[in-house]
Amino acid sequence: MSYARPHAGVHPVTHLWRKITVTDLGFSSATRVENGKLLIDQGELTALLRSDPIIKDVQLAIARPGDSVRIIPVKDVIEPRLSRIPEYPIFPGVLSAWDPDSDGIPSGEIVSLCGMVVTTVGSIVGFQEGLIDMSGPGARYSLFSGIHHLVLDISVIEGTKRHEHEKSVRLAGFKASDYIARSSLDGPLSSGSLETLNNPTDPGFHGSEISGGRKRVPRIAYLYMLQSQGLLHDTYYCGVDVKKMLPRRIVPTEVLFGAIVSGNCVSACDKNTTYHHQNNPIILDLLRRHGKDWDFVGCVITNENVTLGDKQRSSTLAAELIASLNPDGVIVSKEGFGNPDADLMMNCSKIEAHGIKTVLLTDEFAGQDGASQSLVDSHPNADAIVSTGNANEVIVLPPMEKVIGDDRVITELAGGSSKCRLPDGSVAIELQALIGSTNQLGFERISSRFK
Amino acid sequence: MSDASRNGKYRIVHYVNQFFGGVGGEEKADCEPFTIQGPQGPGRLLEKLFREGNADVEIVATVVCGDSYFVEHQEDVLRELVPLIRGYHPDLVVAGPAFNAGRYGMACGGICSSLQPLGIPAITAMFKENPGVDHYRKTVLIVETANNVSGMEEAVRKMVRLGIKRLRGEEIGFPKAEGCFEQGIRKNYFHAEPACGRAIAMLLRKINGDPFETEYPIPFFDRVDPQPAIADLKGITIALVTSGGIVPTGNPDHIESSSASKYGKYSLEGLETLDARTHQSAHGGYDNTYANDDPNRVLPIDEMRVLEKELGFKQHPWYYATVGNGTSVDNAQKFAKEIAVELIRDGVQAVILTST
Amino acid sequence: MAKEIERAGIPVAHICSIITISQTVGANRIVPAVAIPHPLGNPRLPLEEEKEVRRNLLKKALAALQTPIEEQTVFS
């Protein structure tokens with residue numbers, strides 16, 4: 001029998017984030033970090049993953065920054081992390097049971113293995129999944145070209161249904177990351193940077209009021225929109241499919257622990273990989289100057305469902321939750337594109353109707369010539385937008401010496417076409433097909449403007 | 001790039017109107033196109049400033065045409081001038097500057113947009129209110145100038161700066177940076193700062209009431225408030241308007257079957273019905289058979305006459321027709337505005353618009 | 001076009017087949033038509049019935065013009 005923990009709101013939740021950085025990857029007889037290099041026991045890892053009866057085979061490969069390598073089609077990208085809090089696991093609710101509503105989030109330490117990621121590939125649908133180029137013109141567009149990848153090329157047994165296939169691949173990525181973290185980060189750690197992140201306290205707290213007539217700092221909240229449109233378009237909070245969830249507050253540093261994981265492989269350019277969630281730069285930036293340049297009053301997650309009724313419901317509830325935090329302004333980040341533009345506009349207008357100012361992060365689908373309308377919906381309140389680029393813009397990617405995965409699908413990718421292969425082996429492809437290129441959490445520097 | 005076999009200079013053809021071509025003022029706006037060898041009028045300043053900018057150019061010809069003549073005979077003029085200009089093998093064509101002269105601006109835009117698809121770089125210049133700007137900005141590089149001739153030197157300087165880049169084959173990534181009007185097209189670029197930092201900075205400014213600039217101006221889908229309902233149909237004048245292209249047989253106004261550039265106004269006086277002998281469909285975007293067999297299926301005058309007797313409203317004796325196939329939003333708006341003016345003047349109180 | 005005419009001060013009833021586009025471009029009183037090639041007709045019907053279809057569509061349009069509305073309304 002378990003008892004409800006003391007409400008997280010009573011004590012501020014603090015997490016210490018230790019980062020161990022590796023600068024190379026290799027295979028060896030035991031999984032460990034040695035002299036800044038992560039060594040992986042292929043046999044042990046493969047056996048672990050193949051314990052899922054649906055998985056037929058797993059091929060491991062390594063990709064390094066600067067390599068002439070294309071990784072395709074990418075499912076997810078995950079950073080291995082280890083929780084040093086016994087009662088709070090990594091990927092809570094996914095790899096082990098966790099209910100955020102009966103257990104509060106405990107404070108403590110988390111360790112990241114930085115400089116490398118686990119990347120899952122393997123064709124499920126063959127379209128709208130994306131690629132990562134480790135060098136060449138495509139590399140500019142995503143942080144993933146500057147990091148080491150352990151690529152898991154996963155194949156499943158014949159006759160596996162799509163949703164089973166997706167689930168197995170998804171879990172394989174988390175299991176692999178967890179295995180690497182436990183094997184290499186457990187035990188005493190001598191090196192690594194340490195950062196303390198203090199979460200906002202409960203909503204009733206009215207910020208750092210400064211006496212003496214000095215203007216108080218602005219109160220900022222964050223509305224975190226999550227893709228939830230169905231198979232290959234889903235996101236999970238503590239293992240729960242967010243389309244089944246009502247908008248809710250989270251403790252911002254929950255994301256470090258993988259409380260939000262990606263179940264979506266479509267919309268390569270602007271879907272959030274698990275890595276993006278784990279390292280959400282909006283949450284991190286807001287936390288780092290919380291109490292100094294502003295008061296970060298809280299973070300609300302919400303979904304992007306496919307019915308008008310759901311959209312109206314979620315946006316009304318999200319706006320009310322945000323309003324209850326009493327912010328001066330809100331950052332809103334979107335995931336995906338198309339009908340989520342409608343959710344974005346509803347969220348924006350309903351929050352602004354509470355007298356709260358919004359800034360929206362969104363990419364654009366303005367056509368290859370840039371002449372089409374960038375978003376499918378609009379609202380006069382959406383007067384402060386940060387653009388993460390036109391995803392339809394075409395770039396030419398030269399052939400790479402090595403392909404990890406299967407690049408025959410490249411003509412099927414959204415953003416590719418049957419005509420996209422050029423005679424010299426290059427492909428002319430939209431940014432849409434590059435993982436993370438127009439990410440709407442604001443990781444990248446690409447933007448768009450009127451010519 | 002110019003051929004080494006020529007004297008090494010860049011070849012420029014300059015287009016000007018009757019005034020800058022030395023023919024005369026407005027009274028000569030109907031002068032037909034002709035060519036002067038070498039530079040004329042502002043062309044001399046153009047040549048001089050190019051050379052000061054270390055671009056060895058020669059204005060090999062100045063093409064002159066009256067502003068009215070151009071706009072009234074545009075197709076014929078272009079048919080004559082485009083091959084003529086090509087014959088000079090220009091490396092660059094410069095048109096104007098047209099400042100705020102509307103017909104001149106339209107002519108300059110027309111010349112440039114006809115040459116570009118043939119691989120001949122062409123630039124022009126005009127004032128922001130010149131109708132040529134909105135018409136041609138998406139496809140032609142138009143340098144922004146002052147309102148009138150007092151801004152000549154500055155206009156020519158900017159044209160030269162832009163012209164030199166075009167002569168060197170440089171891509172113009174952001175026209176605004178080169179002193180041109182924005183083309184209204186989205187183009188990606190790498191900002192110095194990641195988007196999340198920009199978002200927080202923008203929010204702080206917005207909260208503080210400081211000015212900020214959105215990175216994507218939301219397009220305005222305007223809605224018009226519904227006009228009040230008609231209380232009683234008796235005595236009300238109702239007009240029919242159609243985008244289904246129903247016109248008198250033979251399409252006397254030559255309304256295009258697609259991308260219509262005009263609309264027609266036709267009489268219903270004494271007509272109780274339409275039929276295949278008297279009317280047809282000019283619309284190219286749907287199977288015309290049914291509309292041709294019985295044009296009432298798109299322009300329902302037969303039943304309107306029945307209801308006119310039954311309900312007591314008055315059928316307006318004129319109807320308006322255009323073809324709503326690929327018609328640009330701009331054109332459709334323009335037609336409707338003009339039609340509305342006439343309808344109001346004629347006392348029409350309600351409209352039934354039929355579309356396919 | 002419906003919007004511009006209405007903006008000038010004349011109420012408009014728009015009879016059209018693709019009503020979603022009409023909704024997007026902003027017409028206020030919308031009446032769904034029969035089909036693109038024959039919005040106010042049906043060649044499969046005998047003439048008298050077809051004329052009745054046409055008459056009824058026009059009556060709907062006239063009713064729409066006589067109906068006070070606050071926002072875009074489809075009269076089907």
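Me: How many bridges pair strand S14 of chain A with S17(A), and in which sense?
Reply: First the general idea: helices (H or I, at least four residues) and strands (E, at least two) are DSSP runs, numbered from the N terminus, and two strands pair if DSSP finds at least two bridges between them. Here, S14 (residues 233–237) of chain A and S17(A) are joined antiparallel by 5 bridges. One of the residues to look at is His233(A), whose bridge partner in S17(A) is Asn264(A). Keep in mind that this is a predicted model: local features need pLDDT of at least 70, side-chain atom pairs count only at pLDDT 80 or more, and totals for chains, interfaces and linings use all residues. Residues are numbered from 1 along each chain as its sequence is written, while chains are lettered from A and ligands numbered from 1 in the order in which they are written.

Me: Which sheet holds these strands, and which of its strands stand at the edges?
Reply: The sheet is open and has 3 strands in the order S15-S14-S17 (chain A), with antiparallel pairing. S15 (240–241) and S17 (260–264) of chain A are the edge strands; each has a single partner, so one side of each lacks a neighbour in the sheet.

Me: How many residues do chains B and C bring to their contact?
Reply: Two residues are in contact if their C-beta atoms, placed from the backbone, lie within 7 Å. Chain B brings 44 residues and chain C brings 38. On the chain C side, H3(C) gives the largest share, 7 residues. By class, that side has 21 nonpolar, 9 polar and 8 charged residues, where Ala, Val, Leu, Ile, Met, Phe, Trp, Tyr, Cys and Pro count as nonpolar, Asp, Glu, Lys and Arg as charged, and the others, Gly among them, as polar.

Me: Do the strands of B and C run parallel or antiparallel where S13 of chain B meets S1(C)?
Reply: They run parallel, with 4 bridges between S13 (residues 350–354) of chain B and S1(C). Within this pair, Leu353(B) has His14(C) as its bridge partner.

Me: What share of chain C is buried?
Reply: A residue is buried if 20 or more other C-beta atoms lie within 10 Å of its own, exposed if 12 or fewer, and partly exposed in between, with C-beta atoms placed from the backbone. In chain C, 45% of the 76 residues are buried.
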